[in-house]
Amino acid sequence: MRKKIIFVGLGRMGYPMAGFLSKQFSLYVYNRSNEKTEKWLAEYQGQALKDIQSIPSNTHAIITCVGNDDDLRTLYLGDHGFAAQATKGCLLIDHTTSSANVAQEVNKLATEKGSLWLDSPVSGGEQGAINGQLSIMCGGSADAFHKAQPILDLYAKSLSHLGDAGAGQLTKMANQIAVAGVIEGLAEALHFAEQAGLDASKVISAISQGAAQSWQMDNRAQSMIDNNYNHGFAVDLMRKDLGICLNEARRLKARLPVTAIIDQFYADVQNMGGNKWDTSSLLMRYKDKG
């Protein structure tokens, strides 16, 4: 008999991730938009979870991929939250990019109730989710990590256990800090090449063979040159993530001067109407200024 898993959040990332799980488990899916749930059920095998306050008996794992800290507190905490409903030994796995604080809050209640928590934010974008090639950063007990591995392996390229609850989220913050810096560097390089009258595509072809090479260069440089930003991770989501990074940095007394500047650059893109543009749209700031 297939183990029961609940998956909550059928957004750009969650939709294909749940699809991989449906091939191996008896999957129950839930999304705030019922239309998205119906679309997923037409494509994959599973059942709709009609009420998140009443989960099926003997649920092996509950997996969430939602928006923010408030969503997680609503889903997991309280008398009818997942942490209270889960039976002893049930895995609680969250792929949301959130604060480390909320991960630790949920872990505390989950531990008291006898379930196993793992904060497991992901990197790799929508295409990584579609291809089952995500990098997953996990925080929680070693027991939770080992028990979750057969589940996460279905859509992971790499899977790392970084420490106790919250460590996955802290690692994702480091990831977003690094990504933002690389994108801004690439945007400035392309702006410089264009201002110098060079063929930007030829420049990228040349420098991508050396130390300047990066995932962003390989996967976003040409779309940036083409002014194509209708794909990938949205600016609004990056600003949410960088806000989390900057808040945590203040708590830790860590200095992130470049990240703080790039966060404001993304605010410029939002003011240009680029809220839903891909994060590589930082280049548009320079095109807009001439």
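User: How many aromatic pairs does the rule give?

Analyst: In this predicted model, the count comes to 5 aromatic pairs. One of them joins Tyr15 and Tyr44, with ring centres 6.1 Å apart and planes at 65°.

User: Why is the pair of Tyr15 and Tyr44 called edge-to-face?

Analyst: Two values decide the matter. Rings pair if their centres lie within 6.5 Å, and planes over 60 degrees apart count as edge-to-face. The centres of Tyr15 and Tyr44 are 6.1 Å apart and the planes stand at 65°, so the pair is edge-to-face.

User: Which parts of the chain does the pair of Tyr15 and Tyr44 tie together?

Analyst: Tyr15 belongs to helix α1, while Tyr44 sits in the loop between α2 (34-43) and β3 (47-48); the pair therefore ties together parts that are 29 residues apart in sequence. Tyr15, Trp40 and Tyr44 form one aromatic cluster.

User: What makes Tyr15 buried? And why does Tyr44 count as partly exposed?

Analyst: Buried means under 20% relative accessible area, and exposed means over 50%. Tyr15 has 12% and is therefore buried. Tyr44 is at 22%, so this residue counts as partly exposed.

User: How do you know that α1 is mostly covered?

Analyst: In α1, 9 of its 9 residues are buried. Among them are Gly14, Met17, Ala18 and Leu21. Phe7 touches each of Gly14, Met17, Ala18 and Leu21, and its other contacts include Leu27, Val29 and Ile63.

User: Which residues have the most contacts inside the largest nonpolar core?

Analyst: That core has 32 residues, and Phe7, Ile151 and Tyr155 have the most contacts inside it. Elements supplying at least two residues each include β1 (4-8), α1 (14-22), β6 (116-119) and α7 (142-152). Apart from this core lies another, of 27 residues, among them Ala187, Met217, Tyr266 and Val269.

User: What puts the buried residues of α7 on the same side of the helix?

Analyst: The buried residues in α7 are Ala144, Phe145, Ala148, Ile151 and Leu152. They cover an arc of only 105° around the axis, which puts them on the same side of α7.

User: Which strands does β6 pair with, and in what sense?

Analyst: Two strands pair if there are at least two bridges between them. β5 and β6 have 4 bridges and pair in the parallel sense. β6 and β8 have 2 bridges and pair in the antiparallel sense.

User: Which way do the residues of β6 point?

Analyst: Leu116 and Leu118 point one way, whereas Trp117 and Asp119 point the other way, and all are buried. In a regular strand, side chains alternate between the two faces of the sheet.

User: Why is Thr279 called buried?

Analyst: The cut-off is under 20% relative accessible area. Thr279 has 5%, so this residue is buried. Thr279 lies in the loop between α12 (257-271) and α13 (283-289). Beyond its neighbours within four places in sequence, Thr279 is in contact with Ile183, Phe233, Ala234, Val235, Met238 and Tyr266. Tyr266 is also one of the residues of the core of 27.

Key. Residues numbered from 1 in each chain as written. Predicted model: local features only at pLDDT ≥ 70, side-chain atom pairs only at ≥ 80, totals over all residues. Heavy atoms only, no water. Buried < 20%, exposed > 50% of the residue type's maximum accessible area, 1.4 Å probe, protein only. Contact = heavy atoms within 4.5 Å. Core = buried A, V, L, I, M, F, W, Y, C linked by side-chain atoms within 4.5 Å. Arc of directions from axis to C-beta. Phe/Tyr/Trp six-rings, centres within 6.5 Å; stacked < 30°, edge-to-face > 60°.
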